[in-house]
Amino acid sequence: MNELVIELTEISPQEFFGQQNANIELLKKYFPKLKIVARGNKIKVFGDEELLEEFDKRFDELTNQFAKYNKLDENMIERILTSTSKADYISSSSSGDVLVHGVSGRLIKAQTANQRRMVDATKVDDMVFAIGPAGTGKTYTGVALAVKALKEKQVRRIILTRPAVEAGENLGFLPGDLKEKLDPYMQPLYDALRDMIPSEKLEKYIEDGTIQIAPMAFMRGRTLDNAFVILDEAQNTTHAQMKMFLTRMGKNAKFLLTGDPGQIDLPRRVISGLKEALLILKNVEGISIIYLDDKDVIRHKLVKKVIDAYQNIEHQNQF
């Protein structure tokens, strides 16, 4: 049996290994045929030569990542261990930059390869579709891009919209004033904004119309210019709603549409406007379509496992 000995000299072994050697346990999970022993600042690995070479390569990538960012969480370890190239997890010099300096000094940036592709796409094209399952940061990254554009005076306003499909876009029967009726459907957008803009300033922006949050029904008849416009949960639009929204685009506008075709809440036999648009517009110049997947999940580690489990059963049900 071959042996590989790695000595950590430039970084803290305790921080790199994680609490109770959690990161080492994760390595063991991904390299089950290797025996991995961590003691002090050394790691000894036993196994076949080919596997040891692969382990050495991945471990070097992990240590480089830790040295650069002074942290290494489970999501990053998984991305590095499962990636096919460094482009899948390393920030480029431009798109990896901080998008927004959020509340309490929080630095908000694209965290995964596909989120960075979203950032790059909005620099090139005025209309971008970001497609992927829950937890992949589509909406959050999109709101950060919108706030960045507003702060840099690239646009004069931000318009955020969602189809209020649970209320059938007919909000008359709900109790309370209009804002109270809309807020439950718009909460994820408010949550993202609160991370990026101090509460007093956010309230002022909403009051003076600099930031507008409304269901799709309120988009009809408008021309949306000098704005960064986000349509969230786009999979729940109908054909007519999607066509109406896309044709609202005015001068100096950026349109970002996010959605998960696997979570459609429309009535049966109603075609998703998002699915249709992806087919119709896939070859149109000036429109980018970015697909995110489970490698981009940045919520709790269980979210990725939940997505995988559902994908397995949904795949089985297709046959």
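Guide: What follows begins with the whole model, goes on to the core, and ends with some features beyond the core.

The model is predicted. Its mean pLDDT is 84, and 87% of the residues reach 70 or more. Over residues 166–176, however, the pLDDT is below 50, although this stretch has 21 contacts in the model beyond near neighbours in sequence. Where pLDDT is low, the predicted coordinates should not be read in detail.

The protein has 319 residues, of which 48% are buried. Its secondary structure comprises 11 helices and 11 strands. Among contacts with a separation of 6 or more, 71% join residues 24 or more positions apart.

In soluble globular proteins, nonpolar side chains tend to be buried together. Here the largest nonpolar core holds 35 residues, and the members that touch the most others are Leu193, Met196 and Ile211. Two or more residues come from each of helices H5 (113–124), H6 (138–151), H7 (178–196) and H8 (199–207), and likewise from each of strands E6 (127–131), E7 (157–162), E8 (211–215) and E9 (227–231). Helix H6 gives the largest share, with 7 residues.

Ile211 can be followed in detail. Leaving out residues up to four places away in sequence, Ile211 touches Leu150, Ile158, Leu193, Ile197, Leu202, Tyr205 and Ile206. One of these partners, Leu193, is itself named with Ile211 among the members that touch the most others.

Charged pairs come next. Side chains of opposite charge can pair when their charged atoms come close. The whole structure contains 10 salt bridges. In one of them, Glu152 pairs with Lys148, the closest N and O atoms lying 3.1 Å apart. Glu152 is partly exposed, at a relative accessible area of 41%, and Lys148 also counts as partly exposed, at 23% relative accessibility. Another salt bridge joins Lys204 to Asp208, with the closest N and O atoms 3.5 Å apart. Asp208 is partly exposed, its relative accessible area being 43%.

A further salt bridge links Glu61 and Arg58, whose closest N and O atoms are 3.8 Å apart. Both of these residues, Glu61 and Arg58, are buried. They lie 3 residues apart in helix H3 (residues 49–69), so about one helical turn separates them. An α-helix has 3.6 residues a turn, so residues three or four places apart point the same way. Arg58 and Glu61 also belong to a network of salt bridges with Glu54.

Helix H4 (residues 74–82) is largely enclosed by the rest of the structure, because 7 of its 9 residues are buried. The buried residues in H4 are Asn75, Met76, Ile77, Glu78, Arg79, Ile80 and Leu81. Tyr310 is in helix H11 (residues 301–317). Tyr310 is exposed, with a relative accessible area of 53%. Together with Val306 and Ile313, Tyr310 makes a nonpolar surface patch of about 300 Å².

Methods: Residues numbered from 1 in each chain as written. Predicted model: local features only at pLDDT ≥ 70, side-chain atom pairs only at ≥ 80, totals over all residues. Heavy atoms only, no water. Patch = residues over 30% accessible without salt bridge, like charges linked within 9 Å, V, L, I, M, F, W, Y side chains within 5 Å. Areas by Shrake-Rupley, 256 points an atom, 1.4 Å probe, with all protein chains shown as cover. Salt bridge = Lys/Arg side-chain N within 4 Å of Asp/Glu carboxyl O. Helix = DSSP H or I, 4+ residues; strand = E, 2+ residues; numbered from the N terminus. Buried < 20%, exposed > 50% of the residue type's maximum accessible area, 1.4 Å probe, protein only. Contact = heavy atoms within 4.5 Å. pLDDT = per-residue confidence, 0-100. Core = buried A, V, L, I, M, F, W, Y, C linked by side-chain atoms within 4.5 Å.
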